[in-house]
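Open your viewer and keep the selection tool ready.

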Amino acid sequence: MSHNLLLSLALAAVATAAAPHAAQAQTQPAPAAAPWTLEACIEHARANNLQVQSAQISAEAGEIELEAAKAARYPTLSFSSGQNVSHQSAIKLINDYGEIVSDGSFSYGGSYGIGSTTSIYQGGRLRNTIRQQERRAESSRLGVEKSINDITVSIVQAYLQIMYAAETVEINRRAVSLAEQQADRARRMMDEGAVARTEVAQMLSQLGSARYDLTTAQNNLAQYKLQLKQLLELGPEAQFEVTFPEIGDDEVLRIIPSVEEVYAAAVESMPETRQAEILIEASEYAERAARAAFYPQVSLSANVSTGHQSGLGTSMGSQLGQKLNESIGLSLSVPIFNGKSARTSVRQARLNTRQAEIDSRNARKELLSTIESLHRDAVAAQANFTAAEQKLAYAEESYRLAVASFEQGKNNAVELNTEKNNYLAALSARLQAKYQSVLAARLLAFYRGEPVTL
């Protein structure tokens, strides 16, 4: 799991506090939408996210392909008909009086037939093709599960981004409040002649920077909310706020399962590993189907046909019965030379099987890499959180002493601001370690097959 994501988890939630006041200002307030919990976001995204829907369409297409493969086992049945009008030139016949008796004729005819063909033996091609399509259909279904898992991870990351951002905004609010206090204190001390005007300017500069950082934090929070809203496929008109559950230190410092334990569970539960194994089986069946081209093909056919023709002095119904033709036949096709197409097809299928085996190993490798990275992040974050708490306690005390020294004229604005910035940096470091630990722990639990909750 990348640290960049967690480092970008900055800047947080004030919109939820402003929404009730905006609603009260209306004459007839519209009912406010309930804040979204993490569980509600995951459930909604699984049902509405476009990535998931695309995977579902692929799964449906796989079922259709499987149905078509099974239907190839059944006999074909077709009806054919032809209608024609013809003109036949003839030798002119003249009677004793010199009159033309005949100089040609027009005729109308029709033909009708029903034919059926069925395969008796194709070297196992149909059977193996069906089994191949069964595995592919199952792979597509697992692809839906993988897509759901992917969007679940994205939702958890985005949701914790917002929570981290909300607390970071509060840190920036605190920084503004401290800067305002320092500026007011410096003005009073300047009026009393205790500090120079440059000290006040230094404090006002810090106040301006703190307000700028707060504005940036609030904008980033709005951007993070927008990202989560887009993952949920919500339109621009939808109101969107999230809940902010308390996360205690016991949650941050929860016991971390071993890499071996999580990986063993993930191999069994994660769809990507099962999908890769199933695709190996599908490739093996495709290879067997390709070998069928080396074997003879046997098929059975049956046909019934009849027809009629005008000008024969017999009724159409009589002709249809008289010209009825029934046939049944057995055909054998033995491959002798086909330009190496069968051999090359088998070789290509064998290469596809080897590639599927490599893809399966890569899937397991990537899964292990993800779990090891999450485990490393969780262990490091817990250690950083413990250290950051100690650092914060010292930084807070150091800042308190620096304020007292400044009021007594024992240090200047630069020294005071340095201690204040150290204190705020300690707050941020503790917050970062907190959410690094929570995110890694939640995702490790997810890979163990546990539901994701806050």
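Are α5 and α9 roughly parallel or roughly antiparallel to each other? Before you look, note that this is a predicted model, where local features need pLDDT of at least 70, side-chain atom pairs count only at pLDDT 80 or more, and totals for chains, interfaces and linings use all residues. Residues are numbered from 1 along each chain as its sequence is written, and side-chain values use heavy atoms, leaving out hydrogens and water.

**Stop one: two helices**

Select residues 125-191 for helix α5 and 271-291 for helix α9. Helices here are DSSP runs (H or I, at least four residues), numbered from the N terminus. The two axes come within 8 Å and cross at roughly 165 degrees. Axes are lines fitted to C-alpha atoms over the stretch in contact, with angles from 0 to 180 degrees between N-to-C directions. α5 and α9 are therefore roughly antiparallel (angles over 145 degrees).

**Stop two: Arg-442**

Now select Arg-442, in helix α12 (residues 413-447). Arg-442 counts as buried, at 8% relative accessibility (buried means under 20% relative accessible area, exposed over 50%, partly exposed in between, with a 1.4 Å probe and protein chains only). Its side chain reaches the backbone oxygen of Thr-453 at 2.8 Å. Leaving aside neighbours within four places in sequence, Arg-442 is in contact with Glu-251, Arg-254, Thr-453 and Leu-454 (contact means heavy atoms within 4.5 Å).

**Stop three: Leu-401**

Move to Leu-401 in helix α11 (residues 341-407). Leu-401 is partly exposed, with a relative accessible area of 43%.

Methods
Polar contact = N/O pair within 3.5 Å; in protein donor to acceptor, adjacent residues only side chain to side chain. Parallel < 35°, antiparallel > 145°, perpendicular 65-115°, else oblique.
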